[in-house]
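Dear colleague,

I am handing over the structure we spoke about, and I would be glad if you could look through it alongside the notes that follow.

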2 protein chains.
Amino acid sequence: MTSSKPRVLVIGCGFGGLEAVRALSRADVEITLVDRTNHHLFQPLLYQVATAGLSAPAVSAPIRHTLRREMKRGNLTILQAEVTDIDAAARRVALDGAETLAYDHLIVAAGATHSYFGRDEWSVHAPGLKTLADAFAIRARVIGAFERAERAVDPVEREPWMTFVVIGAGPTGVEMAGTMSEIARHTLPDEFRRIDSKQARIVLLEGSDRVLGSFVPSLSTKARQQLMRLGVEVFTGCKVTGIDAGGVTYESRDGDVARTHRLPSRTVIWAAGVAGSPLGRALARSTGVALDRAGRVIVEPDLSLPGHPEIAVIGDLAAARSHGRGEPKPVPGVSPAAKQMGRTAAANLLHRLSGQPAKPFHYIDYGNLATIGRNSAVVDLTVPAVGALRFSGYFAWLFWLFAHIYFLIGFRNRLIVMIDWAWAYWTYERSSRVVAQPPRAQELVDS
Amino acid sequence: MTSSKPRVLVIGCGFGGLEAVRALSRADVEITLVDRTNHHLFQPLLYQVATAGLSAPAVSAPIRHTLRREMKRGNLTILQAEVTDIDAAARRVALDGAETLAYDHLIVAAGATHSYFGRDEWSVHAPGLKTLADAFAIRARVIGAFERAERAVDPVEREPWMTFVVIGAGPTGVEMAGTMSEIARHTLPDEFRRIDSKQARIVLLEGSDRVLGSFVPSLSTKARQQLMRLGVEVFTGCKVTGIDAGGVTYESRDGDVARTHRLPSRTVIWAAGVAGSPLGRALARSTGVALDRAGRVIVEPDLSLPGHPEIAVIGDLAAARSHGRGEPKPVPGVSPAAKQMGRTAAANLLHRLSGQPAKPFHYIDYGNLATIGRNSAVVDLTVPAVGALRFSGYFAWLFWLFAHIYFLIGFRNRLIVMIDWAWAYWTYERSSRVVAQPPRAQELVDS
């Protein structure tokens, strides 16, 4: 039984892909959604999994369950698979294994990965945070570092275990540094005997001259003050030149003189660079489309590819511009933008099927939020007909908190996150401090 | 600053080790607790992590947090480390890394691991369930099998992905099989398009002639009926002779004739054999103590080792006997027994320090519970002055439920587990279906 409906293939079930599938599921098309994991991840809260504040199931939802209503309409197939290549001429994608999938329309929402600016050897020493597996790896390192510090007998050996370096002061880096400071100062004290966890150093290294560079300078200043109040050492204007198992080497500038510094640390977290998914390069090879410096696909105003109106690229993988009033403006890599692109790509696909012209993408910016730690956040809202509304501190933090709970998928997740946050707020405990570890005793004793 | 207090070393923070530390923390001794993980695990609910019903943090508690009150007394050091060997003559243990730890008194509570009856090559195809890492691995296989079945185009390829085999019908095997059937019949239907998850086969293979062999035969019969009502195929009297990537080979007996059967399956779970931790062999080498067939240490009536009153072995690693009225009886490998041994070992240690004789261990058996699935369980209680109280079905299940919530460590865990269970009961959803997976796209596209 073959269907004569147009076949739409959506790659990736992040914010963009999920929204596109939802928008298309009522249309007379045959949809296949491919994702390499079985869950939609609420990435804005992933740092809480990495810092042991939330469990993985609290910030993620099984894709099949999330899309169960759409499944009932009978035109959606979900496959957990990895897309390894795209052949735009043949209109097929290759999956891991030997399979290929044919499509009439393709929406690529494969997201972003970490970029080490050509220094991929740093990745083993400074993991980044994009997936649940990344979050578990970082959690194991952070929790494990205090354990190693407690075991260390020699202070020279101990110090690097008590020094935590976060590279990159965007929202993720700021959240990580603020939360790690909270763990050291509030969660762990009195639980160790040889070390004083409050003595841990949390260092935030940033190449530019301010933290949260995507915010207005006044909020950056507020954020820096709040970080320092939480005990984070903030070093701006510092360029990282080396990362190895023993720590970080970086350069600062004193006028014309560059000074090289060494920061011994066993726990380094990478929050500096983001690059488009490797599927961007696959698209470039197959269609000749240009990529920007971060490996993102430079899309047409309607999010399609030049010469390939049947392919749209959305979300963090797209170097898109917003076409509202005035000059087109670059679209930031944030979840509301991905959702809006998902809706636009779906609408344009349906326009095209009914012979209408595609519309350019117009990003509606509602503002920008970042949290720094307990009771502190910065909020920069764009209120229609009013303008910018900027505030920081306790009320910004409350606003951040409810906004994030509101956008979480699934009532159960909202409930669990609320309980976990209330619990953490009153007790300073972090509910997810357990680290799963494979058994090794057998090998160690027997070998 | 050296302490002249007796140094007590406790290896392992399961039910036995935790109880021993608690009992000793008020005494004038210097305690070191070594565990290779950072958490105490509530093993009776681990199968729920493996079957996506609970998150890992809900069934485990950070050791340091659990023992924070004891830490305040100033005589407890907790180290996350792996004990690799024991030298009873020198009274030292070796840790991973080059460290050693000296002791005056040693309590070994290192627990048990899986035993494949000499067929260790089966372990890659049929993982067992002892640690959080094991539970995550099993969850990934079970959830992943339905995904692979949905991807399979050929029915011959699909069938082994839709067949789940649990080997061993003790409490863990019965719980796993019952829950997997519930997932296939109630959680997943309507979430797939090409497969009908209700068609999945769940097969429980048991070598002996009944399930739940540690219960009285009448409850075994009830359990078997409840399993079959849940759709589990129960094969007793079947001896597994081979496990590979494609399935299980087993023998059944028809009078004197042995028949060989082949069950194609991609998801096989091992719940059959348990063996003492490899540290049992280390003790045997160092002290000459005898091990039983399962590698457990045959202890003296007071849980110490022959010729080594300063060493006690407790919990699943001990082959202990209960010395009450009548003949000494073997102690089962259950958590109440481990806790009681922890208290006896601590008491005997303090007796010895004050020059009193050690007392033999007396196990007080309160009964035996096992759950089978939604609304079904078997309960065999020993009520003092009344005798045995046996029941099964809905009330047994409620009893099982509240007993497990009651014994969970930490108020927050009790709350989260209650919410998750209530949620699962009314919605049939399982809250922890997410599987963390490391990113592989980069390698696949680039190579």
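How far apart do the C-alpha centres of domain 1 of chain A and domain 2 of chain A lie? Please keep in mind that this is a predicted model; in it, the two centres are 34 Å apart. The domain assignment builds domain 1 of chain A from residues 7-36, 81-114 and 275-353, whereas domain 2 of chain A covers 120-272.

Turning to the two chains together, 60 residues of chain B are in contact with 60 residues of chain A. On the side of chain B that touches chain A, helix 5 (residues 132-151) of chain B gives the most, with seven residues, and that side as a whole divides into 25 nonpolar, 16 polar and 19 charged residues.

As for symmetry, chain B is superposed on chain A by a rotation of 180 degrees with 0.0 Å of shift along its axis, at an RMSD of 0.0 Å, and the two copies are therefore related as by a two-fold rotation axis. The C-alpha of chain B nearest that axis belongs to Ser55(B), at 3.3 Å from it. The same surface serves both copies, in that 100% of the contact residues of chain B recur in chain A.

Finally, a local detail: in helix 9 (residues 279-287) of chain B, the residues Leu279(B), Gly280(B), Ala282(B) and Leu283(B) are buried, and because they cover an arc of only 160 degrees around the axis, they lie on the same side of helix 9 of chain B. Just after helix 9 of chain B comes Gly288(B), which takes a positive phi of about 80 degrees.

With best regards

How values were computed:
Residues numbered from 1 in each chain as written. Chains lettered and ligands numbered in written order. Predicted model: local features only at pLDDT ≥ 70, side-chain atom pairs only at ≥ 80, totals over all residues. Domains from an automatic or database assignment. Contact = placed C-beta atoms within 7 Å. Helix = DSSP H or I, 4+ residues; strand = E, 2+ residues; numbered from the N terminus. Nonpolar A, V, L, I, M, F, W, Y, C, P; charged D, E, K, R; others polar. Least-squares fit on C-alpha atoms with pLDDT ≥ 70 in both. Buried ≥ 20, exposed ≤ 12 C-beta atoms within 10 Å, placed from the backbone. Arc of directions from axis to C-beta.
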